[in-house]
Amino acid sequence: ENNFSGFNGYHGDSQSSSTPTTQRMEITLSEEHRSYVQGLLDEYLQKYGSLIPVHSDDIVEELKGIFSEDFSQPHRKVMVQHLIQSYQRSPGTAMVKGFRVNYKRHVLTMDDLSTLYGQNWLNDQIMNMYGDLVMDSVPEKVHFFNSFFYDKLRTKGYDGVKRWTKNVDIFQKDLLLIPIHLEVHWSLISVDIKQRSITYFDSQRTLNRRCPKHIFKYLQAEAMIKEKRDFLTGWKGFFKMNVGRQNNDSDCGAFVLQYCKCLALGQPFSFTQQDMPKLRRLMYKELCHCKLSL
């Protein structure tokens, strides 16, 4: 069971209620403002099961739209953070028990969604549902392989995974996305079908040559079985080194999902390690909405 009571700091610095800053804040946020924030937090809690994906900037923007006032001054933003923290500490508001997200065969619980918080490692359920959201954004062009695919291929060979594509012709796609999970690290292989290229993406920039070789052998075997002999030869392998690099031990899964999204949508890799907290919150919202923010 997850303990959400540790969200004291939430997002941003907290202020003691006895400081002059807080006394000034109480003047600058009226009771009407406070009541509106309370209502917003109630809505967010029901929508997302927790306040993990909610940032104080979200509240500030909502307040600005409703009251036509500027709430972005530091002392007002700190007060908003203070209200969020107080709400988080209230009994029964840490999370919604029994909260679920259902999408096709996927079911996400709060245990799954909470892996998007802070420095947690993303689990298979998050990786696979998000990958399917990516694939379903461009279904004719992209095929996303389940995160268990590569391990099955590595340990059982082609016979262990040959049924995984019984209802899809991967050679009719433009792009294949294959998440790789080795021990405690996520990386990604993308396959450009038209260009016959296999590219390995690793946010820790590890040169793992085994993974592309396994995928190459898989593609050859699949081409033989599906009688696509044009795809037996001509394949090239690449290691993509000039991509955003993680500087911790926890964001590899988040990097992989962003690689998937950008590759599928044809967007540049414009994110860095500093963007990960914001992107984790965005992915949480996308999963709850069962749709990518394009």
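The legends below describe close-up views of a predicted model.

Local features are described at pLDDT of at least 70, side-chain atom pairs count only at pLDDT 80 or more, and totals for chains, interfaces and linings use all residues. Residues are numbered from 1 along each chain as its sequence is written, and side-chain values use heavy atoms, with hydrogens and water left out.

**Figure 1. Overview of the protein.**
The protein has ten helices and seven strands. Helices (H or I, at least four residues) and strands (E, at least two) are DSSP runs, numbered from the N terminus. The C-alpha atoms fill a box of roughly 75 × 35 × 35 Å, taken along the principal axes. Of the 294 residues, 50% count as buried. Buried means under 20% relative accessible area, exposed means over 50%, and partly exposed lies in between (1.4 Å probe, protein chains only). A contact means heavy atoms within 4.5 Å. Among contacts between residues at least 6 apart in sequence, 67% join residues at least 24 apart.

**Figure 2. The nonpolar cores.**
A nonpolar core is a set of buried Ala, Val, Leu, Ile, Met, Phe, Trp, Tyr and Cys residues joined through side-chain atoms within 4.5 Å. The largest one has 62 residues, and those with the most contacts inside it are Leu51, Ile59, Leu113, Ile126, Leu177, Tyr284 and Leu287. Helix H9 (residues 252–265) gives the largest share of this core, nine residues. Another core, of 25 residues, lies apart from it and has Phe171, Ile189, Phe231 and Leu232 among its members. Leaving aside its neighbours within four places in sequence, Tyr284 is in contact with Tyr48, Gly49, Ser50, Ile52, Pro53, Met110, Leu113 and Leu116.

**Figure 3. Helix H2 against helix H3.**
Two packed helices are described by the angle between their axes and the distance between the axes. The axes of H2 (residues 31–48) and H3 (residues 56–67) come within 11 Å and cross at roughly 125 degrees. Axes are lines fitted to C-alpha atoms, for helices over the stretch in contact, and angles run from 0 to 180 degrees between N-to-C directions. H2 and H3 are therefore oblique to each other. Angles under 35 degrees count as roughly parallel, over 145 as roughly antiparallel, 65 to 115 as roughly perpendicular, and the rest as oblique. H2 passes H3 in a right-handed crossing. A crossing is left-handed if the near helix is turned anticlockwise from the far one by less than a right angle, and right-handed if clockwise. On the H2 side, the residues that meet H3 are Glu32, His33, Tyr36, Val37, Leu40, Leu41 and Tyr44. Their partners in H3 are Asp58, Ile59, Glu62, Leu63, Ile66 and Phe67.

**Figure 4. Helix H9 against helix H10.**
The axes of H9 and H10 (residues 276–289) come within 11 Å and cross at roughly 65 degrees. That makes H9 roughly perpendicular to H10. Their crossing is left-handed. Ala254, Phe255, Leu257, Gln258 and Lys261 of H9 meet Met276, Leu279, Arg280, Leu282, Met283 and Glu286 of H10.

**Figure 5. The buried side of helix H7.**
In H7 (residues 149–156), Phe149, Tyr150 and Leu153 are buried. They cover an arc of only 95 degrees around the axis, which puts them on the same side of H7. The arc is that of the directions from the helix axis to the C-beta atoms. The buried residues of H7 pack against strand S4 (175–182) and helix H8 (210–225). Just after H7, Gly157 takes a positive phi of about 75 degrees.

**Figure 6. Glu222 in helix H8.**
Glu222 has its place in H8 and is buried, with a relative accessible area of 0%. Leaving aside its neighbours within four places in sequence, Glu222 is in contact with Tyr158, Thr165, Ile170 and Phe171.

**Figure 7. Two loop residues with positive phi.**
Most residues other than glycine have a negative phi. Lys104 has a positive phi of about 55 degrees although it is not a glycine. Lys104 lies in the loop between strand S1 (101–103) and strand S2 (106–108), and is exposed, with a relative accessible area of 58%. Glu183, also a residue other than glycine, has a positive phi near 60 degrees. Glu183 is in the loop between S4 and strand S5 (185–192), and at 76% relative accessibility counts as exposed.
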